[in-house]
Amino acid sequence: MKTELLNYLVNNAGALSVEKIALNFITVVILSFCIYVSYKFSYNKLAYSARFNASLVLLAIITTLIMSCIGNNVALSLGMVGALSIVRFRTAVKDARDTAYIFWAIAIGICCGVSDYEIAVVGTAFIFVVILIFGNVQDNARYLLVIRSDRKSAKDIREVVEKYYNKGAIFRTDNSNLEQDEIIYLVSSKVKKKAEKKNGSLNEKLYEIEGVIDVKLISQNNEMNA
């Protein structure tokens, strides 16, 4: 029984023809171009990464290469799993949507690698339409409002901020020493836009207070405005 199982694992290779392999790669290139276009037009110019977009195309092609190599050889597939399990990816994903694009590229590569073109084409078309619908959904960004002043002005600053944001800003921290005070608020993008439209510039109102040293508005998306 063991000998028969070993012979099955070793001999059941199921190698693909050259024409089939070429068709697999042509198909994955065409479908991965859909990923490229979708990624490019669903991100704004500041967040768009051309290198990451190109790597998605390469990821789909490489996955197809691996699947074409494995074919239906069970022994080779088990060895490939063991080999790939030692790889560690530590690059931080800056956007949750990037993870979806990575899985999309891998899925296309797997489907094309096993010559299942119908699932690859239909799945790509469906995902492409869904991303066109939901791709422009923007995150409700949050901002840290950091105000540095002398200690005497802290009370006046908090009153101005509370009034400006109509108590929509969340108080976070009050750091102080013998001479200076640093007050930090958390403000949502929605509250910020509403307050700016209604009350004008917060900076002007804060700098009218004697003792204010500087005002910083820091986006949690690493975009900074002062």
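**Notes on the fold and two residues**

1. Among contacts (heavy atoms within 4.5 Å) in the protein between residues at least 6 apart in sequence, 73% link residues at least 24 apart.

2. A word on the basis: this is a predicted model, where local features need pLDDT of at least 70, side-chain atom pairs count only at pLDDT 80 or more, and totals for chains, interfaces and linings use all residues. Residues are numbered from 1 along each chain as its sequence is written, and side-chain values use heavy atoms, leaving out hydrogens and water.

3. The protein has 9 helices and 5 strands, with helices (H or I, at least four residues) and strands (E, at least two) taken as DSSP runs numbered from the N terminus. Along the sequence the order is α-α-α-α-α-α-β-α-β-β-α-α-β-β.

4. Of the 226 residues, 30% are buried; buried means under 20% relative accessible area, exposed over 50%, partly exposed in between (1.4 Å probe, protein chains only).

5. Beyond its neighbours within four places in sequence, Lys192 is in contact with Tyr143, Tyr165, Val187 and Leu217.

6. Now for Ile133, in helix α6 (residues 117–134). Ile133 is exposed, since its relative accessible area is 56%.
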